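Q: Could you walk me through this structure, one feature at a time? I would like the general idea first and then the case at hand.

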Amino acid sequence: MHFQHSPELWARFPALVPGVLYAERITAERDVDARVAHYQSVARSRLEQASEGDWPEVQAWRRAFSQMGLKPTQYRCASESLLRRFRKEGALPRLHPLVDLCNAMSLAFGVPIAVFDLAHVAKRIEVRFAKGDEQYQSFGGDIEHPEPGEAIFADAENRAHARRWAHRQSALSAIRADTKAVLIVAEALHQTARADIARLLDALASELNMLWIAPVSVATLTAASPSIEYCESPPANAGLSDKTAEV
């Protein structure tokens, strides 16, 4: 498997800092309540100081959406949408332990975190500008075609796994009860993004190893080193280590 951002996207958004994590042996039988509560508490404290629209992480995404010709108040990055709902309702729906954890961490760090079930991704994911003939499966079951030039997560079979960059994921590769191998992508554009993404990846790798004892590969990508290759580990009886591996 391969993940990268296209050269064209890097050229338009040179401040981008993507963090990528590959994990295996995910199951739906984990209690994440305490960890979710911890990160939600961090987010709640931050929201008491300033609403999400004033956070530098969110403001940077609003500028990026404007640069792509999108109205930031109509198309919000995933973290801003989560923060708005959390501020208004005081909680988020519970979906799957891994998704619940990543959503809570997205609240605390203020950056979008996408989680893909790799069993439903063909060969690779590239964040690139759409040609317009890609297929996107909505959570309502409809098949959509991204607008030409729209930033999407695309695989080798021309399927879009997210639309409008960090706005909305596809139902096709959403995490489900039988998910085993996942790719987690966190992206930021604000001034302290590099340090914040590094902290987020460290925290997420620690959570995964504690909760799932999952083999993990971690990378922070740059325009000079824009991709990561990842593959399935040997079977469990082959003596896998549960330590975090830098890629």
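This is a predicted model: local features need pLDDT of at least 70, side-chain atom pairs count only at pLDDT 80 or more; totals for chains, interfaces and linings use all residues.

Q: What pLDDT does the chain average?
A: pLDDT is the predictor's confidence in each residue, from 0 to 100. Here the chain average is 93, and 94% of the residues score at least 70. Residues 235–247 are a stretch to treat separately: pLDDT stays under 50 there, and the model has 25 contacts beyond four places in sequence for them. Contact means heavy atoms within 4.5 Å.

Q: How many residues does the largest nonpolar core have?
A: A nonpolar core is a set of buried Ala, Val, Leu, Ile, Met, Phe, Trp, Tyr and Cys residues joined through side-chain atoms within 4.5 Å. The largest one in this model has 36 residues, and L21, L98, I184, L204, L208 and W212 have the most contacts inside it.

Q: Which helices and strands each supply at least two residues of this core?
A: Helices (H or I, at least four residues) and strands (E, at least two) are DSSP runs, numbered from the N terminus. At least two core residues each come from the strands β2 (17–23), β3 (113–117), β10 (182–188) and β11 (216–220), and from the helices α2 (33–49), α5 (97–109) and α6 (193–211). Helix α6 gives the largest share, nine residues. Apart from this core lies another, of 35 residues, including F3, Y22, W61 and L189.

Q: What is W212 in contact with, leaving aside its neighbours within four places in sequence?
A: W212 meets R25, I26, T27, R30, V32, P97, L98 and L101.

Q: Where does N158 lie?
A: N158 sits in the loop between β7 (151–154) and β8 (159–163). Its phi is positive too, about 65°, although N158 is not a glycine. At 22% relative accessibility, N158 counts as partly exposed.

Q: Why do the buried residues of α2 line one face of the helix?
A: An α-helix has 3.6 residues a turn, so residues three or four places apart point the same way. In α2, the buried residues are V36, Y39, Q40, A43 and L47. Seen down the axis of α2, they fall within an arc of 100°, so they line one face; the arc is that of the directions from the helix axis to the C-beta atoms. On the other side of α2, A34, E48 and Q49 are exposed. The buried residues pack against α4 (78–89), α5 and α6.

Q: What span should the 17 residues of α2 have?
A: The expected span of a helix is 1.5 Å times one less than its number of residues. For α2 that should be 24 Å, and its end C-alpha atoms are 25 Å apart, which agrees. Helix α4, with 12 residues, reaches 16 Å from its first C-alpha to its last, close to the 16 Å expected.

Q: Which residues are buried in α4?
A: They are S79, E80, L82, L83 and F86. Seen down the axis of α4, these fall within an arc of 160°, so they line one face of the helix. K88 and E89 are exposed on the other side of α4. What covers the buried residues of α4 includes α2, α3 (56–67) and α5. Just after α4, G90 takes a positive phi of about 80°.

Q: How many disulfides does the structure hold?
A: A disulfide is a covalent bond between the sulfur atoms of two cysteines. The cut-off used is a pair of cysteine sulfur atoms within 2.5 Å, and the structure holds zero disulfides. For C102, the closest cysteine sulfur, in C77, is 15 Å away, too far for a bond. C77 is buried, with a relative accessible area of 2%, and C102 is buried at 1%.

Key. Residues are numbered from 1 along each chain as its sequence is written. Side-chain values use heavy atoms; hydrogens and water are left out. Buried means under 20% relative accessible area, exposed over 50%, partly exposed in between (1.4 Å probe, protein chains only).
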